[in-house]
Amino acid sequence: MTVVVVDDHTMFRESLRMALSDTDGIEVVGAVASLHEARREVDEKRPTVALLDYALSDGTGVELATWIHEHCSEVATMVLTASEGVQAAAEAVAAGCGGFLRKSADVTALRSALLRVGAGEAAFDAQTLAAAVTWLNQAPPTAPVQLSDREQEILELLAEGRTTAEMADLLVLSHHTVRNHVRNLLGKLDARSQLEALVLAASMGLVEVGRPLQ
């Protein structure tokens with residue numbers, strides 16, 4: 001997978017580039033400092049994932065994510081934030097980002113999160129996601145969403161942070177079948193990402209987020 005890094009702090013940006021370049025399966029194809037530069041870089045390079053700092057000198061990573069999803073829909077996005085609050089995470093979810101991570105996380109966690117987002121999965125801190133759901137305070141739809149028993153199982157495993165491979169093992173299903181169930185789930189919830197699906201489902205009372213892995 002390929003990554004474009006967007007961060008306006010030169011030392012942090014270059015540190016990310018070096019750390020990720022040492023990771024098997026990840027190639028950093030660009031590292032820029034601003035929203036303006038990032039639009040050009042992402043449009044030209046079409047990376048698997050755009051890794052976005054939340055606070056940029058000429059805007060926010062969430063603004064950039066929204067632009068990317070409108071103009072380069074095949075590019076997944078993930079937001080990095082130095083804030084300990086939930087607003088950045090909530091905005092990232094609402095913008096359709098595949099993941100969010102605090103800058104205090106270690107490089108191993110970042111690498112793992114990027115690989116998950118690049119594979120179309122969600123990467124999040126469970127407790128922060130739970131707080132973000134409360135912050136967003138989304139109203140349930142007028143027509144309730146009806147999930148099959150299997151889709152409900154998949155949803156609950158997503159809320160635990162399980163990967164496709166883990167879900168396949170736990171449910172004794174093929175990876176292809178699990179992906180089909182996830183796709184159907186996103187369609188029913190009208191969600192652009194697994195992360196958004198979790199927030200929407202939680203706001204409807206279909207699943208509880210913030211639970212640790214069993």
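**Entry 1: helix α4 and what follows**

I started at glycine 96, which sits just after α4 and takes a positive phi of about 90 degrees. A reminder to myself: this is a predicted model. Next I went back into helix α4, residues 87–94, and looked up which residues are buried. They are Ala88, Ala89, Ala90, Ala92 and Val93.

**Entry 2: proline 47**

From alanine 92 I jumped to proline 47, 45 residues away along the chain, and got 19 Å between the two C-alpha atoms. Proline 47 belongs to the loop between α2 (35–45) and β3 (49–53). Buried or exposed, I wondered about proline 47? Its relative accessibility is 1%, and buried means under 20%, so proline 47 counts as buried. Leaving out neighbours within four places in sequence, I listed the contacts of proline 47 as Thr2, Val3, Val4, Val29, Val42 and Val75.

Val3 had already turned up in my list for proline 47.

I took a closer look at valine 6. Not counting residues up to four places away in sequence, valine 6 touches Val32, Ser34, Ala38, Leu51, Leu52, Asp53, Leu56 and Leu64.

**Entry 3: salt bridges**

I searched the whole structure and found 12 salt bridges. One of them pairs lysine 103 with aspartate 7, with 2.9 Å between the closest N and O atoms. What does this pair tie together? Lysine 103 is in the loop between β7 (99–102) and α5 (107–118), while aspartate 7 is in the loop between β1 (2–6) and α1 (10–21), so the bridge links parts that are 96 residues apart in sequence. Aspartate 7 is buried, at a relative accessible area of 1%.

Next I checked glutamate 153, which bridges to arginine 150 with the closest N and O atoms 2.8 Å apart. Both lie in helix α7 (residues 149–159), three residues apart, or about one turn of the helix. The helix geometry is simple: there are 3.6 residues a turn, so residues three or four places apart point the same way. Glutamate 153 is partly exposed at 34% relative accessibility, and arginine 150 is partly exposed too, with a relative accessible area of 28%.

I also wanted to know which residues share bridge partners. Asp7, Asp53 and Lys103 are joined into one network that way. Asp53 is one of the residues that valine 6 touches.

**Entry 4: rings**

I went looking for aromatic pairs over the whole structure and found zero.

**Entry 5: around arginine 162**

My last stop was arginine 162, whose side chain meets that of glutamate 160 in a salt bridge at 3.1 Å, N to O. I found arginine 162 and glutamate 160 both buried. The backbone oxygen of arginine 162 is 3.3 Å from a polar atom of the arginine 116 side chain. Arginine 116 is part of helix α5. With residues up to four places away in sequence left out, arginine 116 touches Glu121, Ala122, Gly161, Arg162 and Thr163.

Terms used:
Residues numbered from 1 in each chain as written. Predicted model: local features only at pLDDT ≥ 70, side-chain atom pairs only at ≥ 80, totals over all residues. Heavy atoms only, no water. Contact = heavy atoms within 4.5 Å. Salt bridge = Lys/Arg side-chain N within 4 Å of Asp/Glu carboxyl O. Helix = DSSP H or I, 4+ residues; strand = E, 2+ residues; numbered from the N terminus. Buried < 20%, exposed > 50% of the residue type's maximum accessible area, 1.4 Å probe, protein only. Phe/Tyr/Trp six-rings, centres within 6.5 Å; stacked < 30°, edge-to-face > 60°. Polar contact = N/O pair within 3.5 Å; in protein donor to acceptor, adjacent residues only side chain to side chain.
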